[in-house]
Amino acid sequence: MTKPPKPMPLLQDADKPIRSRPRKPRDPAQPNLPLDPMPERVEPCLALLKVRPPKGDDWVYEIKWDGYRLSVHIEPTGIRILTRGGHDWTHRFPAIQQAALWLPVGSAILDGEAVVLDEQGRSDFGLLQQSLGGRGGKKTSSAAIFMAFDLLYFDGHDLRKSELDVRRHLLEDLVPAGGQGDIRLSEEIEADGDQLLASACEHGLEGIIAKRRDAPYSSGRLGDWLKIKCVQSDSFFVVGYERSTAAGRQIASLLLAARKHDDLVYVGSVGTGFKESDVSELRDMMDKITRKTPPLPYTGARKNVVWLQPTLIGEVEYRAWTDDGKLRHASYKGLREVQDNADVYEMK
C-alpha cells in the first residue's frame, strides 16, 4: 500500500518551517478592528445631585436605588463582581454570580446596584447591610438582587462611546423588563420629571435618576447623570459618640463631620434610626478607635463624649441644613464599607 503524499505547507517553501508572524499589540485607537479588549475595571459614572429634575426630551428617568454600586463582569474565565472602589466581592453575592452565569452572553460588563427589597418592593440600605453581616462583615447575601441599569461591554464590543439609548437597547435584550430573577432591569420611565419625583416621594422611595439619552458613558461626576432625592442622604465621618444616661442604652448619639477642603468640620449629631444590632456593632468598632482629643474643632456643650479616629463613615438621612451648618432631623441608616468607596459630604 502506497503512503499518501505529504501535504505541502501553505504558501511556504517546503524546506522552511511554518512560522506565524509576531502579533503586534492592538492599538485601541484603530476603529476598524472587529473586537475591543475587555476592560479590567471601569470607573463608574456618578450622578450629580440636583434639587429639581431637568426639563426636556433629552432626559430619561429611573428610580434611584439605595444599595451598593457594583459592576458585574462576565468573562471567559468566569464571573467577577466588583465594588465601586474596585474590590472583588464575587464571593459575597453568590446568587447574583449564578444569575450572571445564566445570561445569554459570552462576555459583558453590567453596571448596577445591589439592593435588598422590603415588603413593599423598595430598596432598603439597612436590610442590605444586615444581609451582609454589617460593616466589615464576612457574610454572603442571598437576599440581595442586582438592578442593572447600564451595559458597558457586550460580546467583544466596548460600548462606552455609544449613546445611552444604544446601550440600553442591548441591555434590555440581555435582561428583559419585568423579570423576577437575581439580576433585574432597572427600567426607564417615560414621564414628566416633576410628576415622577412627586410619585416616588409619595411611595417612600429615595428619589429618581435623570440620564441624558444621547450621552456616552463617562467615568466620574460630569453631569450626564443627575440624582434628585426625596429625602437627603449622605455619608459623614463618625468622629465621636455621646454616652447615654438611659438604662440599657449605650449610645445617645453619634457626632458627625463633613469635609471642608483638607479639614473636617462638625455638622451635628444623629440619635435616631439605630437598631439594637447597630448599637452592638458600633460599640465593638468604636471601642478600638477612641482618642483623648477631638479630631476637629469643636465648641459644643455635649457631655459624656467619647472622641474617635475619623475612620468610620456613616450614611445619614436628613431633612435640611440649619443656618449654622448642622443637619436637621437626622436619622442613622448604617455604616458604609471601605470597599464601597463612599464620598464623604463636602461642605461648599
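**Figure 1. The largest cavity of the predicted model has a volume of about 80 Å³.** The model shown in this and the following views is predicted. One cavity of 30 Å³ or more is present in the structure. The residues lining the largest cavity are Arg41, Val42, Pro44, Arg69, Leu70, Ser71, Leu82, Thr83, Arg84, Asp111, Leu152 and Tyr217. Six of the lining residues are nonpolar, two are polar and four are charged.

**Figure 2. Strands S3 and S4 at the largest cavity.** S3 and strand S4 (78-83) each contribute at least two residues to the lining of the largest cavity. The greatest contribution to this lining, three residues, is that of S3.

Figure 3. Classed by residue type, the lining of the largest pocket comprises 18 charged, 14 nonpolar and three polar residues. Arg84 is also among the residues that line the largest cavity.

**Figure 4. Strands that contribute to the lining of the largest pocket.** At least two lining residues come from each of strand S1 (48-49), strand S2 (59-63), strand S3 (68-75), strand S9 (207-212), strand S10 (225-229) and strand S11 (232-243). One of these strands, S3, also supplies at least two residues of the lining of the largest cavity.

**Figure 5. The second largest pocket holds about 470 Å³ of space.** Its lining consists of 22 residues, and Asp66, Ser123, Gly204, Glu317 and Lys333 are those nearest the centre. Nine charged, eight nonpolar and five polar residues form the lining of the second largest pocket. Helix H2 (125-131) and strand S18 (331-335) each provide at least two of the lining residues. S18 accounts for the largest share of this lining, with three residues.

**Figure 6. Helix H5 and the elements that cover its buried residues.** In helix H5 (residues 276-286), the buried residues are Asp278, Val279, Glu281, Leu282, Met285 and Met286. Their cover includes S11, strand S12 (251-260), strand S14 (290-291), strand S15 (305-318) and S18.

Key
Residues are numbered from 1 along each chain as its sequence is written. This is a predicted model: local features need pLDDT of at least 70, side-chain atom pairs count only at pLDDT 80 or more; totals for chains, interfaces and linings use all residues. Side-chain values use heavy atoms; hydrogens and water are left out. Helices (H or I, at least four residues) and strands (E, at least two) are DSSP runs, numbered from the N terminus. Ala, Val, Leu, Ile, Met, Phe, Trp, Tyr, Cys and Pro count as nonpolar, Asp, Glu, Lys and Arg as charged, and the others, Gly among them, as polar. On a 1 Å grid over the protein atoms alone, a cavity is a set of points where a 1.4 Å probe fits but cannot get out, and a pocket is an open set with protein on both sides within 12 Å along at least five of seven lines; lining residues have an atom within 4 Å of a point. Grid points are joined across faces, edges and corners, and a volume is the space filled by probe spheres set on the points. Buried means under 20% relative accessible area, exposed over 50%, partly exposed in between (1.4 Å probe, protein chains only). Contact means heavy atoms within 4.5 Å.
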